Amino acid sequence: MISVTEARAALLDLVSPVELEVVPLAQAAGRVLAAPVSARRDQPPFDASAMDGYAVNAAEVELHAMFKVIGEAAAGHGFQGRVGAGQAVRIFTGAPVPEGASFVVIQEDVSRKGDLITITYAPGDNANIRDRGRDFRSGQTVEAPRLLRAPDIALLAAMNIAEVPVRRRPVVALMSTGDELVMPGATPGPDQIIVSNTFGLKAMLEAHGAEVRMLPIARDTEASLRMAFALAEDADLLVTIGGASVGDHDLVAGVAQSLGLERAFYKVAMRPGKPLMAGRLGDQAMVGLPGNPVSAMVCGRVFVVPMLHAMLGLPTEAEVPKQAPLAAALPANGPRQHYMRACWDQEYLRAFDSQDSALLSVLASADVLLLRPPHAPATEAGEMIDYLPL
Ligand code: AMP
Ligand code: MG
């Protein structure tokens, strides 16, 4: 058995960043920027009014000063002339500040009669002008790699970047194995259950940027497994689920090896999830997850998501656990790193009584995974404990 840290390092070694592709900006959200991009213009591209009001020369601004309004500047329609002494231009938010003006008196500080305005409230020091390039300058870069969130997309749009170089979505094939499994919506036989892991993992991996293919459920026969492996050949990463221990019906390792799997490791000292197998199979990486639903999901969270990050060119440093106080004492841990399902009880974390790796209802109620290192001593209520958010 190897440690979680060793397993993680070996898994990251199995993958490398996928190629770039260029996508329209409207499709770039949630993708990983793969090369730096630079602003193609200044923003704002001119000194712009930040308020609705009157543009005047700052030197003339004082309480009771009067100005003659000689024109209007609106967003998208600048004023073409020059603002001279004693003159003002009616101006609106986003309009270019006309030549000769250096201050926008907000309309609330002014009274107007015909073409004449008088400053009736002291305007203060704020000129209400956004200087050219105040947001960003032409040539300013957004560095890669970067996971593009909604604010990044807005920034790239303002920079006039219509097409964005991103990492291709890594293709992940998910293969559930077992004679007992049928698809949701089907009518199970008396000895059968509904496949859940493929669906849970698909949701998890898609949320982290994968393109997921669900393979047909493989039966517990070599022929069926071989057929499913063949269907997965073009994936960057093949994830098998179940059939990975050493029972008579656990055929995944044998079939994978007969197809040329170079095995990196087989067992990891963790709970849940001990039978975890990984290696390279031709051009692709393969990970064999345990079948128990909670084990499969925890291994997905702890191992497969970081592999995806590596394929997307994102940093792969180990996630730093967060910390919170425990609501109730926990006994000493055994030799395997334990990922305990737990939930918030006000600002405390409380582990669920049952940590059985088959209980999806418990996992779905959990907010976090408590992290208990191998041989961790008993922990008292109120002591701080590491956790990973779910
Ligand atoms: P195995 O690793 O194949 O021995 O499976 C361990 C347990 O997990 C068994 O109870 C299986 O029925 C269950 N199991 C395996 N694969 C899945 C799956 N894809 N969805 C739900 N349960 C599964
Ligand atoms: Mg099985």
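How close do the axes of helix α1 and helix α6 come, and at roughly what angle do they cross? In this predicted model, the axes of α1 (residues 4-13) and α6 (residues 293-311) come within 9 Å and cross at roughly 35°, and the crossing in which α1 passes α6 is right-handed. On the α1 side the contact is made by Val-4, Ala-7, Arg-8, Leu-11 and Leu-12, while α6 contributes Val-302, Phe-303, Pro-306, Met-307 and Ala-310.

**Domains**

The protein chain is divided into four parts, namely domain 1 (4-16 + 169-311), domain 2 (21-42 + 143-167), domain 3 (48-130) and domain 4 (322-389). Between the centres of domain 1 and domain 4, taken over C-alpha atoms, the separation is 26 Å, and the contact takes 15 residues from domain 1 and 16 residues from domain 4.

**Two open sheets**

One open sheet is built from six strands in the order β18-β15-β19-β23-β22-β20, and its pairing is mixed. Its edge strands are β18 (211-214) and β20 (262-267), each of which pairs on one side only, and neighbouring strands of this sheet are turned by 15° against each other on average, when direction is ignored. Inside this order, β15 (residues 171-176) runs parallel to β19 (residues 237-241) and is joined to it by five bridges, with Ser-176 standing opposite Ile-241 of β19. Helix α4 (residues 222-231) lies across β15, β19, β22 (275-281) and β23 (284-289), and its direction is at about 165° to β15.

His-77 and Phe-92 are 15 residues apart in sequence, and their C-alpha atoms are 9.9 Å apart in space.

**Strand pairs around β28**

Strand β28 (residues 384-389) pairs with β24 (residues 322-325) in the antiparallel sense over four bridges, and Ala-324 stands opposite Ile-385 of β28. Strand β27 (residues 368-372) also runs antiparallel to β28, to which three bridges join it, and in this pairing Leu-369 stands opposite Leu-388 of β28. The table sets out these two pairings beside those described for the open sheets.

| Strand pair | Sense | Bridges |
|---|---|---|
| β15 and β19 | parallel | five bridges |
| β24 and β28 | antiparallel | four bridges |
| β27 and β28 | antiparallel | three bridges |

As background to the residue pairs named above, the side chains in a regular strand alternate between the two faces of the sheet.

Key:
Residues are numbered from 1 along each chain as its sequence is written. Chains are lettered from A and ligands numbered from 1 in the order in which they are written. This is a predicted model: local features need pLDDT of at least 70, side-chain atom pairs count only at pLDDT 80 or more; totals for chains, interfaces and linings use all residues. Side-chain values use heavy atoms; hydrogens and water are left out. Two strands pair if DSSP finds at least two bridges between them. Axes are lines fitted to C-alpha atoms, for helices over the stretch in contact, and angles run from 0 to 180 degrees between N-to-C directions. A crossing is left-handed if the near helix is turned anticlockwise from the far one by less than a right angle, and right-handed if clockwise. Contact means heavy atoms within 4.5 Å. Domain bounds come from an automatic or database domain assignment.
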